[in-house]
Amino acid sequence: MKILVTAKRVTDPDMKIKVRSDGAGIETSSMSFKVNPFDEIAIEEALRIKEDKGGEVIVVGIGSDKAQTEIRYGLSMGADRGIHITAGSDPDSDAVARILVKIVEAESPDMVLLGKQAIDVDDNQVAQLLAEYLGWGQACFASKVSINDNTARVEREVDGGIEVVDMDLPGVISADLRLNEPRYPALPAIMKARKKEIKKMTPADLGVDTTSKVVITQLAEPPQRKGGRIVEDVAELVKALKEEALVI
Amino acid sequence: MNPFAMGLLLTISLLAFTFSVVRRFLPLFVMQSDIRWDNPKERITGVFKYFFGQLRFLRPFERIHGMAHVMIFWGALVVTLSTIQMAGRGFVPGWHLPGFGDTGLGLTYIFFKDLFTFSIMAGCSIAFINRVIFRPSRMILSLEALIILNWIFWMMGMDLLYESTLFILSPNSPETHVAFLGMLGKNILMTAGLAADSPITSQLHAMGSWGHLILGLSFLNYLPYCKQFHEVTSLPSLYMRSLKKKGELTQQNLEDEDALFGVGKIEEFSWKRGMDMYSCAECGRCRANCPAYLTDKPLSPMALIMDERDLLKKKTDHMCRAALHKFKKEPEKAVEVLEQWEGDNLIGDVISEDAIWACTTCGHCIANCPLMIEHVDNIIDMRRYLVQMESRFPKELTQFFKGCENLSNPWSLASNTRGDWFKDLGVQTPEENPDFEYLFYVGCAGSFDDRYKKVSTALVGLMQQAGVNFACLGNDEMCCGETARRLGNEYLAQQMIGSNIEQWNSIGVKKIITACPHCFNTIKNEYPQFGKHYQVVHHTEMIRELTRKGAFKGAKKFSGKGPVVYHDSCYLGRYNDLYDIPRDIARFIPGVKLMEAERKERTGFCCGAGGGRMWMEEKIGKRINTERFEQLAATGARTIATACPYCMIMLDDAMKEKGVEEEFEILDLAQMMLRSIEN
């Protein structure tokens with residue numbers, strides 16, 4: 001089974017985000033980055049399938065030169081090789097999906113497994129767009145995946161329960177939080193990963209125009225939270241709810 | 001004595017002994033290399049201190065049992081000469097060592113021989129009674145130990161019988177003037193009716209000498225099969241003891257891809273660890289104060305070494321064969337033989353993973369082992385294997401490792417808020433104050449933990465008051481890597497250490513103050529492995545120095561909840577010998593009544609957080625911090641003074657769990673000092 005997985009470089013979700021003074025982006029100096037946690041889960045799942053069924057896991061990353069770190073992380077987890085599409089800034093979801101289409105055409109994997117969304121912009125679109133462009137089946141928000149010959153049985157997290165779908169392969173699966181707990185790479189794997197191949201390409205090489213369809217015009221920090229206070233009596237509470245909270 | 005019989009006895013027993021010893025030592029040759037013969041001067045000094053000097057037995061808390069060992073040990077050194085003489089007399093009647101005999105030296109020796117025969121017999125009796133009747137908790141009541149004590153006792157008894165009957169047979173021997181014990185024996189035997197012309201006397205005399213020799217030589221052959229093998233290994237073991245600093249773990253070479261990044265099989269330990277396994281005499285001094293053992297965790301440092309030794313013994317055949325292949329330059333065959341082993345695995349079957357993770361690295365075991373076995377390093381070897389080779393560890397540690405990797409702090413808190421605590425304190429960064437004298441390296445707890453941020457703040461207050469020229473890195477500061485290293489993640493630790501050194505070099509750091517004994521220890525004792533020596537000062541050292549210079553003359557009466565007890569941090573105390581300095585600060589503060597816990601200083605009891613335990617769940621046995629809190633509370637103190645973030649957090653948690661935060665108060669010495677100034 002040949003599986004294509006993604007590894008997006010995102011701002012560490014535990015970092016404190018500061019909006020740039022021009023409002024068009026966030027401060028990236030002294031910011032920590034890591035592989036998108038949902039992608040990490042997708043990589044882990046692909047590796048488990050590979051360990052069970054054999055095959056190959058290819059990690060794709062799109063972004064600046066630094067995005068290689070995250071591809072390398074996927075390789076140290078155990079993926080076989082990497083593809084790095086160099087791009088100055090992060091392309092929008094649609095461009096990413098079109099880039100992945102080209103890679104799928106070149107690699108013809110049995111499955112594309114990716115995080116349900118990147119935790120930086122939270123768009124949650126790539127898996128769906130990709131399946132549409134490829135004309136493949138899609139099973140998004142997977143919390144369990146089992147492979148049976150040419151089909152995949154996927155348990156999807158839906159509101160208030162689990163939906164079980166059978167999907168023909170090749171297909172697109174996006175990973176949800178509870179799919180697995182990603183491994184911590186062991187040292188020999190980290191060393192091996194240093195020597196694994198990462199093929200570099202540009203969107204132009206693939207004939208993809210990455211001009212954004214979605215342009216971020218303004219980012220703003222959420223209003224500062226004020227500390228709570230303890231009111232003296234009910235009358236004061238009612239007054240505060242009416243005048244300050246404006247809820248009654 | 002019959003020369004033929006004597007020759008036969010000596011030949012057989014010495015050959016058998018040699019065979020046993022070779023079988024014990026051959027396996028060490030397939031174990032990993034370790035240079036333990038550098039710096040001979042220091043090694044010899046150590047041999048005099050710890051082998052001949054028996055320093056680790058002569059401690060005040062040792063009392064009787066340690067003295068018993070010294071009596072037996074020194075006795076054995078002296079009496080062995082007499083045994084050699086006795087064997088020689090099997091061939092040449094009346095033979096003695098050159099220079100001995102009826103000379104001054106010979107007769108002096110006889111006096112001391114009698115003295116030490118008495119000392120051995122008394123020592124054995126004390127040890128026997130202690131083991132059987134008083135049963136100190138550190139010891140196990142093993143049949144083997146009792147057999148050994150009896151064996152030695154009766155071996156000496158036979159020697160005494162030989163000497164006593166000799167004096168009946170030759171009453172004019174000059175030795176009779178010095179051999180007080182032999183004379184006492186003679187008098188008793190003669191009172192009992194034994195005469196010089198009685199055949200029984202000659203028979204008893206022969207029985208004494210043959211008995212002594214047969215017991216001695218059979219004992220020699222028993223050694224390699226029992227804990228008493230330390231008689232053979234202790235001298236080389238102590239000579240080849242570790243000379244690294246106490247607070248230092250060995251540096252792994254992570255560049256060599258074929259190297260082992262930890263120990264998963266018994267033969268992957270260094271040969272010295274193997275020798276230490278043979279050396280362990282099961283005395284239990286290591287576990288007498290082991291926080292894991294005393295709170296019912298599945299770890300006992302003594303059992304750890306004993307179990308490893310048993311595995312080593314079981315694997316002897318394989319390892320001997322592998323060693324022979326290795327000598328014949330057939331490394332592939334050696335590997336093949338070792339791979340044929342189908343018995344127990346080191347990790348899992350012999351040493352449980354729970355035991356490996358239970359260690360707080362408090363260092364009590366190492367500090368008290370008379371044979372200087374390195375239990376903590378032994379455990380770290382296996383942790384390194386589990387983490388680096390197998391990526392197998394308690395799952396709470398995933399967040400720890402990832403937090404250190406991505407955010408350079410174990411809490412996984414935003415690294416760009418690391419310096420927030422000093423926003424309003426007027427603290428300068430190296431950019432703002434490039435001529436800083438000291439870098440105040442705050443550490444993760446001092447930057448992120450609410451309780452310890454107060455300590456950082458107090459220390460800043462004291463330093464500002466005293467006019468110390470310092471700077472803090474703020475958001476640019478990174479974790480020191482201490483805990484990652486003790487959790488076996490050498491790779492991560494080395495990355496962190498490398499980043500810190502690079503950063504500090506770029507801003508010209510020379511002197512560092514830290515309020516965390518873990519940062520302190522690792523920067524002071526481990527960073528030099530990476531080529532960088534900094535002058536590192538723990539904040540208690542700084543405060544005491546400032547106190548001496550009169551910086552805090554305005555200190556007024558300390559207002560606390562009651563008497564104060566200082567809790568020793570392992571990494572400050574046992575690892576860096578800072579026992580008095582923190583206490584000096586407490587004594588300096590007016591109105592402080594300083595109490596001492598029973599387990600203090602060298603035998604201080606760990607808070608339970610070291611070695612990464614802080615970041616793991618403690619599900620087995622009693623909680624270590626609760627145990628320690630109870631010990632401290634039992635002194636009658638109401639203020640617990642600490643000098644370490646881990647200790648403070650652990651004891652604070654224990655206090656809150658007991659719901660006694662109204663009665664007790666846990667303060668760092670810096671906070672106490674500041675409070676008494678601000679009063």
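Let's start with chain A, where 38% of the 248 residues are buried. Keep in mind that this is a predicted model. The predictor gives the complex an ipTM of 0.89 and a pTM of 0.93. For chain B, the mean pLDDT is 95, and 100% of the residues reach 70 or more.

**Chain A at a glance**

- Chain A is built with six helices and eleven strands.
- Its C-alpha trace spans about 70 × 40 × 40 Å along the principal axes.
- Take the contacts in chain A with a separation of 6 or more: 70% of them come from residues 24 or more positions apart.

**Strand β7 of chain A and its partners**

- Strand β7(A), residues 137–148, runs parallel to strand β10(A), residues 171–175, and four bridges join the two.
- One of the residues to look for here is Ala142(A), whose bridge partner in β10(A) is Ala175(A).
- β7(A) also pairs with strand β8(A), residues 151–158, this time antiparallel and through six bridges.
- On that side, Lys144(A) has Glu155(A) as its bridge partner in β8(A).
- β7(A) and β8(A) make a hairpin, with two residues between them.
- In the turn of that hairpin you'll find Asp149(A), which has a positive phi of about 50°.

**Chain B at a glance**

- Chain B has 679 residues, and 47% of them are buried.
- Its secondary structure comes to 27 helices and eight strands.
- The C-alpha atoms of chain B fill a box of roughly 100 × 65 × 45 Å along the principal axes.
- Of the contacts in chain B between residues at least 6 apart in sequence, 79% join residues at least 24 apart.

**A parallel sheet in chain B**

- Four strands of chain B, in the order β6-β5-β7-β8, form an open sheet with parallel pairing.
- The edges belong to β6(B), residues 594–595, and β8(B), residues 665–668; each has a single partner strand, so one side of each is left without a neighbour in the sheet.
- Strand β5(B), residues 564–566, is joined to β6(B) by two bridges.
- Within this pair, Val564(B) has Leu594(B) as its bridge partner in β6(B).
- Helix α27(B), residues 669–678, packs on the sheet and touches both β7(B), residues 639–642, and β8(B).
- The direction of α27(B) makes about 90° with that of β8(B).

**Nonpolar cores**

- The largest nonpolar core has 157 residues, and Leu651(B), Ala670(B) and Met673(B) touch the most other members.
- Helix α26(B), residues 645–658, gives the most to this core, with eight residues.
- Leaving out residues up to four places away in sequence, Leu651(B) touches a whole list of residues, including His567(B), Cys607(B), Phe629(B), Ile640(B) and Ile666(B).
- A second, separate core has 54 residues, among them Ile3(A), Val60(A), Ala95(A) and Ala142(A).

**Buried spots in chain B**

- Helix α9(B), residues 271–279, has eight of its nine residues buried, so it is largely enclosed by the rest of the structure.
- The buried residues of α9(B) include Lys272(B), Arg273(B) and Asp276(B), along with Met275(B), Met277(B) and Tyr278(B).
- The cover over them includes α1(B), residues 3–25, α8(B), residues 230–239, α11(B), residues 301–314, and α16(B).
- Ala445(B) sits in helix α18(B), residues 443–448.
- Ala445(B) counts as buried because it has 26 C-beta neighbours inside 10 Å.
- Not counting residues up to four places away in sequence, Ala445(B) touches Tyr452(B), Cys516(B) and Pro645(B).
- Ala445(B) and Pro410(B) are 35 residues apart along the chain, and their C-alpha atoms are separated by 9.2 Å.

**Where the two chains meet**

- At the interface, 18 residues of chain B are in contact with 14 residues of chain A.
- On chain B, α16(B), residues 375–389, and α17(B), residues 396–407, each supply at least two residues of the side that touches chain A.
- α17(B) gives the most to that side, with four residues.
- By type, the residues on the chain B side divide into seven nonpolar, nine polar and two charged.

Note on methods. Residues numbered from 1 in each chain as written. Chains lettered and ligands numbered in written order. Predicted model: local features only at pLDDT ≥ 70, side-chain atom pairs only at ≥ 80, totals over all residues. Contact = placed C-beta atoms within 7 Å. Nonpolar A, V, L, I, M, F, W, Y, C, P; charged D, E, K, R; others polar. pLDDT = per-residue confidence, 0-100. Buried ≥ 20, exposed ≤ 12 C-beta atoms within 10 Å, placed from the backbone. Pairing = 2+ DSSP bridges. Axes fitted to C-alpha atoms, helices over the stretch in contact; angles between N-to-C directions. Core = buried A, V, L, I, M, F, W, Y, C linked by C-beta atoms within 7 Å.
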